[in-house]
Amino acid sequence: MPRTTPHDHLPRASLRAAVVWEALEDALARHGAAGPGGAAGEGAAAEHSAVRPLDVLDTGGGTGGFAVPAALLGHRVTVVDPSPNALFGLQRRATEAGVADRVRGVQGDIHALFDVAEPGAYDAVLCHGVLEYVDDPAAGLANAVAALRPGGLLSVLAAGLGGAVLARALAGHFSSARRALTGPDGRWGEADPVPRRFTPEELTRLVAAAGVEVRAVQGVRTFADLVPDGLAESEPGALDALLELERAAAESPAFQPVAAQLHVLGGRK
Ligand SMILES: C[S@@+](CC[C@H](N)C(=O)[O-])C[C@H]1O[C@@H](n2cnc3c(N)ncnc32)[C@H](O)[C@@H]1O
C-alpha cells in the first residue's frame with residue numbers, strides 16, 4: 001500500500017518532508033497500537049487500521065504540512081500557531097483534504113502554550129521548525145513536553161548547523177560558512193533569517209533535559225537542498241533514488257551532523 005506523504009502534490013517538497021513523515025507515521029502507529037499511556041516496544045505491529053485515534057498537538061504547526069496528514073490517519077489534531085495567516089491556510093488545507101472536523105487551529109505561542117492548550121492532555125506533540133525561532137528553546141520545549149500525557153510521543157524537528165555550513169560553502173559563501181561554523185548560534189550573518197541552529201548533540205541534549213527519553217535521531221535533507229533541481233528531475237527514477245539515499249543518510253551518524261534539519265523522536269518519561 002502506498003504511504004501517505006505530506007505535500008504529495010509537490011515532488012520536491014515531498015522529498016524534503018518524506019523522511020520525517022515516514023518516521024512520524026510509524027511512531028504514531030506504534031503509539032496508537034500500544035494502548036493509552038505508553039509506546040509499544042520495537043517491532044510492535046504498526047498496522048494503521050488497528051491504530052486508535054490519538055490526540056495530537058502541533059506546536060507551530062503552520063499551514064498543516066504535518067497536521068493534515070496526521071488527521072488523514074484518523075488522529076485529532078490541534079495546531080497552535082501565532083500566525084493568523086498560517087491558521088487560515090491550515091483551515092483551507094484541512095477542508096480540501098476532508099479532515100476539517102479533526103483539525104483545530106488555535107492562535108497561540110509555545111511560550112504561553114497553556115493559555116490555549118491543556119497540560120498533560122496529548123498522546124503526541126509535534127514541535128517542527130519552531131525551536132530555531134523561539135526566544136527560549138528550552139522553555140518552549142518544556143511546555144511542549146508538559147502538554148504530553150506520561151509516555152506520550154514527542155517529535156522535534158529543528159535546523160541543523162552542519163547543513164547550513166555546507167550549503168553556504170557550496171554556494172561559494174566561504175566566510176559566512178565559517179561564521180556559521182564557528183559562531184555561537186550557527187548563524188551565517190546578520191541577514192540569516194534563522195536565529196539559531198543545532199548540532200545533533202545539542203538537540204538531543206535539549207530534548208533529554210526536557211524529560212524525554214530519546215528513541216531516534218535522524219538527519220533530514222542531507223542532500224535534497226544541495227542537489228541542483230535539473231539533476232534530480234532530469235532522469236527517470238532519479239528522485240526516487242535520491243529519496244532512498246536520503247533515507248539511508250538519515251539513519252547514519254556519519255551524515256546526521258551535515259543534514260539541513262535534525263529530527264528527534266522520544267517519549268515523555
Ligand atoms: C518553519 S514554520 C514550520 C511549520 C510546520 N511546523 C512545518 O513543519 O511545516 C515555523 C512555524 O512556527 C510558528 N512559530 C513561530 N514562533 C512561534 C512561537 N513562539 N510559538 C509557536 N509557534 C511559533 C510560525 O508561525 C510558523 O508557522
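Colleague: What should I know about the source before we start?
Modeller: The model is predicted: local features need pLDDT of at least 70, side-chain atom pairs count only at pLDDT 80 or more, and totals for chains, interfaces and linings use all residues. Residues are numbered from 1 along each chain as its sequence is written, and side-chain values use heavy atoms, with hydrogens and water left out.

Colleague: How many helices and strands are in the chain?
Modeller: The chain has 9 helices and 7 strands. Both are DSSP runs numbered from the N terminus, helices being H or I with at least four residues and strands E with at least two.

Colleague: And what share of the residues counts as buried?
Modeller: 49% of the 269 residues. Buried means under 20% relative accessible area, exposed over 50%, and partly exposed in between, with a 1.4 Å probe and protein chains only.

Colleague: What is the accessible surface of the chain?
Modeller: About 12,300 Å², and 56% of that belongs to carbon and sulfur atoms. Areas come from the Shrake-Rupley method with a 1.4 Å probe; for residues, only the protein chains shown count as cover.

Colleague: Which strands pair with S4?
Modeller: Strand S1 (residues 55–59) pairs with S4 in the parallel sense over 4 bridges; pairing requires that DSSP finds at least two bridges between the strands. Thr59 stands opposite Cys127 in S4. Strand S5 (residues 148–159) also pairs with S4 in the parallel sense, over 6 bridges, and there Val125 stands opposite Leu154 in S5.

Colleague: How does the chain cross from S4 to S5?
Modeller: Through helix H4 (residues 137–146), in a right-handed β-α-β crossover. Right-handed means that, with the strands pointing away from the viewer, the path from the first strand over the helix to the second runs clockwise.

Colleague: Where is Thr78, and what does it touch?
Modeller: Thr78 is in strand S2 (residues 76–81) and counts as buried at 8% relative accessibility. Leaving out residues up to four places away in sequence, Thr78 touches Val56, Leu57, Asp58, Arg104, Val106 and Tyr122, where contact means heavy atoms within 4.5 Å.

Colleague: What about Ala27, buried or exposed?
Modeller: Ala27 is buried, at 7% relative accessibility, and is found in helix H1 (residues 11–34). Ala27 and Ser155 are 128 residues apart in sequence and 9.2 Å apart in space, C-alpha to C-alpha.

Colleague: Last one: what is the phi of Arg221?
Modeller: Positive, about 60°, although Arg221 is not a glycine. Arg221 is in the loop between strand S6 (212–220) and helix H8 (229–234), and is partly exposed with a relative accessible area of 22%.
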